[in-house]
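This report walks through selected contacts in one protein model.

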Amino acid sequence: MTRPAPLRLGVVGAGGFAAFLTGALRELPDVTVTVVADPDADRAGRLAGTLAARPVPNWRALVTADDVDVVVVATPPAGHAEIILAALRAGRHVFAEKPLATNEDEAAAIRDAVAASGRVLVVDHVLRYNPVLRALARLRDPAFAAGPLLGPVRRLAFENDASDEDLGPEHWFWDERVSGGIFVEHGVHFFDAADALVGAVPSSVQGMLGHRPGSDLIDLAVATTRYPDGALATFAHGFSHAHRCERQLMRIDFGTAEARVTGWIPVYATVDLWTDDAGAALVDRLPARAAELLAVDGHRLRDPAVTVSVRPHAGPANARERGRQRQLPHRCRITLNLGGEVAKPYVYAESVRAAMHDLVRCVRTGDRPVAGVIEGVTAVAVAAAAARSAREDRTVHLRQSSEHPTACPS
């Protein structure tokens, strides 16, 4: 069978993220970069030169170019909506860096444009494609775990103590007109990841903001979301640390199990659980299924490590939780290790490659992407509601629809 021709990518933006993104995609045989656009001609020329592509001075020329099938948007957030809309109207598919847009109206316009154009749009919500979080989802999937091994998410907490060493006072990150604010620019990753883990979208959100002492600069944003089944998730995004003092932790309560995931690009996780005979037998078999458990779209990771321990009959068999009788005699631990901090660039690149592979697959099959326009719109809606909640000092309720939530009127 003849392999389809690679999809031709036009990259808008030639900064550091564009360089990382295109470097990650070089190993994908299904795509090739043909055009690079950036208002800085030297920067566009340098990136284009490394990719054997041609530079153009502005994105408008790129989205209508005959040698572009997919427009890759790698600019600061404020420019996303205009570029994405123009690309869709020109009949191009889109791979967009998060956030999809900086406000709900722009996000809704993109949703409508995707529907009208019939094109595929993937948002670079890399956590949806992360091998560790994918593994946790598989352990909840009866098709994989024959149980499942993990129950529904009851509580999720994500804490990100991030650095501001590279974010000087003039950086666009601090300007809400450009970034959308911390909830939108950064929080969308984690609102979206929580939705994927819970398997639902929030019904309400509360947000609070913290300022740098002696300044109006907001460098801490905290939000709590509530889901229709009663699950709660809390997110803290702080940008006030030295690089060496950065810390990230995600804790997920599954009732009979707890997962702890480290790194905002997760590379390591532990799952502690109590289970029955069938669950303990499944845990015992996981190391032999490591490649399957930690697979990403397109291929399997190199050297994934899954280690387990099972303590049979570590406690009485009978247990009771939330009014239900359970049989939980065996205590188990599962460790997922992709190589620690040194593996983070590799895992990040693998997640980006998986997202692009997803786009290629959907272009060729007509399937819906894992992180498509609905996921992008939903993340922006929740982030905007968190910001609104913080400004107005109240809970914001989200109107549920079949596709995505919107904030209810005041």
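Helices (H or I, at least four residues) and strands (E, at least two) are DSSP runs, numbered from the N terminus. The model is predicted: local features need pLDDT of at least 70, side-chain atom pairs count only at pLDDT 80 or more, and totals for chains, interfaces and linings use all residues. Residues are numbered from 1 along each chain as its sequence is written, and side-chain values use heavy atoms, with hydrogens and water left out.

**Two loop residues**

G255 sits in the loop between β11 (247–253) and β12. Its relative accessible area is 30%, so G255 is partly exposed. Buried means under 20% relative accessible area, exposed over 50%, and partly exposed in between (1.4 Å probe, protein chains only). Not counting residues up to four places away in sequence, G255 touches R154 and E321; contact means heavy atoms within 4.5 Å. The C-alpha atoms of G255 and I182 are 31 Å apart, and 73 residues separate the two along the chain.

N130 lies in the loop between β6 (121–123) and α6 (131–139). N130 is buried, at 1% relative accessible area. Its side chain makes polar contacts (pairs of N or O atoms within 3.5 Å; within protein, one must be able to donate a hydrogen and the other to accept it, and residues adjacent in sequence count only if both atoms are side-chain atoms). Another runs from the N130 side chain to the backbone oxygen of P266, at 3.1 Å. Leaving aside neighbours within four places in sequence, N130 contacts I265, P266, V347 and S351.

**Helix packing**

Two packed helices are described by the angle between their axes and the distance between the axes. Axes are lines fitted to C-alpha atoms, for helices over the stretch in contact, and angles run from 0 to 180 degrees between N-to-C directions.

| Helix pair | Angle | Axis distance |
|---|---|---|
| α1 (residues 16–25) and α12 (residues 344–365) | about 75° | 9 Å |
| α5 (residues 104–117) and α13 (residues 373–392) | roughly 170° | within 9 Å |

Angles under 35 degrees count as roughly parallel, over 145 as roughly antiparallel, 65 to 115 as roughly perpendicular and the rest as oblique. α1 is therefore roughly perpendicular to α12. On the α1 side, F17, F20, L21, A24 and L25 make the contact; α12 supplies P345, Y348, A349, V352, R353 and M356. These residues divide into 10 nonpolar, no polar and 1 charged. Here Ala, Val, Leu, Ile, Met, Phe, Trp, Tyr, Cys and Pro count as nonpolar, Asp, Glu, Lys and Arg as charged, and the others, Gly among them, as polar.

α5 is roughly antiparallel to α13. Its contact with α13 divides into 9 nonpolar, no polar and 2 charged residues.

**Aromatic pairs**

How many aromatic pairs does a search of the whole structure find? It finds 9. Rings of Phe, Tyr and Trp (its six-membered ring) pair if their centres lie within 6.5 Å; planes under 30 degrees apart count as stacked, over 60 as edge-to-face and the rest as tilted.

F191 and F235 pair edge-to-face, 4.8 Å centre to centre, with 70° between the planes. F191 is in helix α9 (residues 182–198) and F235 in strand β10 (residues 232–241), 44 residues apart. F191 is buried at 1% relative accessible area, and F235 is buried at 0%.

W264 and Y348 are also edge-to-face, because their planes stand at 70°, with centres 5.7 Å apart. W264 is partly exposed at 21%, whereas Y348 is buried at 18%.
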